[in-house]
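Morning, everyone. I have one structure to go through today, so please look at the screen.

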Amino acid sequence: MRRTLFAVVLLAALAGRSEAQPYTLIENVTVVDASAEQSGSIVSVLVHGDLIEAVEPHLARPEGAHVIDGTGRFVVPGLWDMHAHLAALTPIGRAPERYVGHGVLHLRDMGGFLDQLSQLREDIGEGRRTGPTLVIAGPTVNSEQPAAFHRKVTTAAAARAAVRELKGAGVDFIKLHRATTREVFEAVVDEARLVALPFAGHVPLALSWVEASRAGMRTIEHVQTIFENLEPDRRLSPEEFTRLADALGGALGDQIFGVLKANGTFFDPTLIGYEAAIGGARPAVANARREAYSRMRAIVARAARAGVPIITGTDVLDRHGEMLLQELERLVEVGLSPRAVLAAATVTSSAAAGRPETGHVRVGSPATFLLVDANPLDDIRALRTLSLVVLRGRVLTAADLESLRRD
């Protein structure tokens with residue numbers, strides 16, 4: 001087969017780049033894969049450039065490799081925050097760095113100013129900033145405009161144009177919000193299919209969770225929104241809320257969660273986001289929210305028991321990264337096992353984000369993972385014992401991570 005001069009030069013350049021890429025070898029560690037029933041044996045993990053090249057016992061040390069002793073420690077895939085807002089109501093600041101400092105190495109931004117998010121993704125990709133891998137929606141599609149980063153869309157034609165424009169601008173999915181009309185929703189669904197974009201977010205008040213799931217909504221956000229869609233545009237009294245919560249604990253919950261499971265619709269409870277709204281409220285309001293929160297926690301547990309795929313998001317604007325760890329701990333508190341919660345934060349969230357390669361530590365996966373000092377399958381709080389991060393092949397030590405967490 002004949003090669004052009006350009007092809008020969010290009011192949012030579014790529015070969016030279018591959019040889020120049022550094023090796024990192026982490027020896028004597030246990031790989032934790034939450035999707036596997038058995039814990040892994042003690043192995044070595046070989047990183048070459050930004051990919052995992054080998055995961056085997058007793059690997060030979062490549063010449064010049066950076067060797068790390070992982071004795072007694074555990075390798076875990078990078079965590080996902082599936083509901084963040086980096087460029088919406090507050091400046092980006094050092095949020096990307098803080099996420100990485102807590103082991104959140106992948107992030108789905110659920111609505112913000114696209115120019116800022118695109119620039120941030122470029123800066124991270126070019127190494128000018130340290131930050132997680134980003135999956136972004138850009139402006140939130142809504143039929144009202146409660147915030148500046150929402151795009152007001154009120155007709156089917158405008159909805160189709162918005163989807164095509166956002167596709168051309170490089171977004172990864174379409175984010176919908178609660179005031180979206182049925183007409184706009186249906187147009188977004190149709191156009192998003194044509195251009196191969198997923199859609200996710202709040203189920204519009206004009207629809208039910210069952211309708212949204214059957215229409216192909218990739219993820220449904222926030223446990224509290226299930227009450228909004230059952231009783232749209234109403235301020236529920238405590239008695240009405242209790243009635244709905246009881247119904248969700250019975251046949252109504254069986255129906256809704258059965259449909260979500262059958263359709264593979266992911267559910268992002270964002271418990272910690274609702275919890276954060278309790279503390280700043282007036283005492284009477286805080287007490288009411290606290291009682292409601294206890295019922296919401298039970299609903300999340302019921303959805304998980306019904307087989308609805310759970311993912312992990314926060315919807316918070318501060319304490320970036322740390323709040324994701326709290327979300328995982330809350331999910332354990334409501335009754336999910338540590339294995340189920342770790343799966344939610346890694347393999348399940350990676351599937352929901354359309355990045356399945358990020359959910360495992362295995363040959364060919366991106367070299368983006370955590371090293372922790374205890375097994376999170378025994379206690380999810382072990383993720384707080386973070387001692388090292390490998391981020392796209394770059395090794396970040398405990399001192400590096402402490403620096404990233406600082407304001």
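Helices here are DSSP runs of H or I with at least four residues, strands are runs of E with at least two, and both are numbered from the N terminus. On that basis the protein chain has 14 helices and 17 strands.

Some housekeeping. This is a predicted model, where local features need pLDDT of at least 70, side-chain atom pairs count only at pLDDT 80 or more, and totals for chains, interfaces and linings use all residues. Residues are numbered from 1 along each chain as its sequence is written, and side-chain values use heavy atoms, with hydrogens and water left out.

Now the overall shape. The C-alpha trace spans about 70 × 50 × 40 Å along its principal axes. The radius of gyration, taken over C-alpha atoms, is 22 Å, which agrees with the value near 22 Å for a compact globule of 407 residues; the rule is 2.2 Å times the number of residues to the power 0.38.

What share of the 407 residues is buried? The figure is 54%, with buried meaning under 20% relative accessible area, using a 1.4 Å probe and protein chains only.

Next, the inside. A nonpolar core is a set of buried Ala, Val, Leu, Ile, Met, Phe, Trp, Tyr and Cys residues joined through side-chain atoms within 4.5 Å. The largest one holds 95 residues, and Phe227 and Leu342 are among those touching the most other members. Helix 11, residues 283-305, gives this core its largest share, 8 residues. A second, separate core has 16 residues, including Ile52 and Val361.

Notes
Buried means under 20% relative accessible area, exposed over 50%, partly exposed in between (1.4 Å probe, protein chains only).
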